[in-house]
Amino acid sequence: MAKANRARLTVVHVMAPPSLALPGEGYVSPALYESLERSARAAAQKRLNAVLARARAAGVRAGGLLLEGVPHELIARAARKADLLVIGTHGRSGFAKLFLGSVASRLVTLAPCPVLTVRGR
């Protein structure tokens, strides 16, 4: 869509802070936490770079944002100047949707622009 409309594509990846489920007291030293956080950020940046490389190889003007926090809030904020927000959805329903929530459904109501949801494979 971006290529056909000569639009700029902004790919947003939101990562949650690392959560650790540890037995016992669950203490994690600050050094270990920072190391895990750096590792998670590096992995997320690598995935984002791969998506951007594919888009650019297809002739799309693309840029990326790597954010950390609550996905639906940060994506809605990033979409303030967007003409269209395109987001994938897992298509969950029933209990899965109730317990896991849906970033896509929250964005449909929260986004400042039209939202196109695309069901994943």
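The conversation below goes from the overall layout to single residues.

Guide: This is a predicted model, in which local features need pLDDT of at least 70 and side-chain atom pairs count only at pLDDT 80 or more, while totals for chains, interfaces and linings use all residues. Residues are numbered from 1 along each chain as its sequence is written, and side-chain values use heavy atoms, with hydrogens and water left out.

Visitor: What makes up the pattern of the protein, read along the sequence?

Guide: The protein has four helices and four strands, and along the sequence they follow the pattern β-α-β-α-β-α-α-β. Helices (H or I, at least four residues) and strands (E, at least two) are DSSP runs, numbered from the N terminus.

Visitor: Why is leucine 66 called buried?

Guide: Buried means under 20% relative accessible area, exposed over 50%, and partly exposed in between, with a 1.4 Å probe and protein chains only. Leucine 66, in strand S2, has 16% relative accessibility and therefore counts as buried. Leaving aside neighbours within four places in sequence, leucine 66 is in contact (heavy atoms within 4.5 Å) with His13, Met15, Arg41, Ala44, Gln45 and Leu48. The C-alpha atoms of leucine 66 and valine 12 are separated by 6.1 Å, although these residues are 54 residues apart along the chain.

Visitor: Which residues make up the largest nonpolar core, and what makes it a core?

Guide: A nonpolar core is a set of buried Ala, Val, Leu, Ile, Met, Phe, Trp, Tyr and Cys residues joined through side-chain atoms within 4.5 Å. The largest has 11 residues: Val14, Leu74, Ile75, Ala76, Ala79, Leu85, Ile87, Ala104, Leu107, Ala111 and Cys113. Helix H2 (71-78), strand S3 (85-89) and helix H4 (103-110) each supply at least two residues of this core, and H2 gives the most, with three residues. Apart from this core lies another, of 10 residues, among them Val11, Met15, Ala44 and Val60. In soluble globular proteins, nonpolar side chains tend to be buried together.

Visitor: What do the buried residues of H2 pack against?

Guide: The buried residues of H2, namely His72, Leu74, Ile75 and Ala76, pack against strand S1 (8-15), strand S2 (61-68), S3 and H4.

Visitor: Why does serine 102 count as buried, and what does its side chain reach?

Guide: Serine 102 lies in the loop between helix H3 (94-100) and H4, and counts as buried because its relative accessibility is 16%. The side chain of serine 102 reaches the backbone nitrogen of serine 105 at 3.0 Å.

Visitor: Why does valine 86 count as partly exposed?

Guide: Valine 86, which lies in strand S3, counts as partly exposed because its relative accessibility is 46%.

Note on methods: A polar contact is a pair of N or O atoms within 3.5 Å; within protein, one must be able to donate a hydrogen and the other to accept it, and residues adjacent in sequence count only if both atoms are side-chain atoms.
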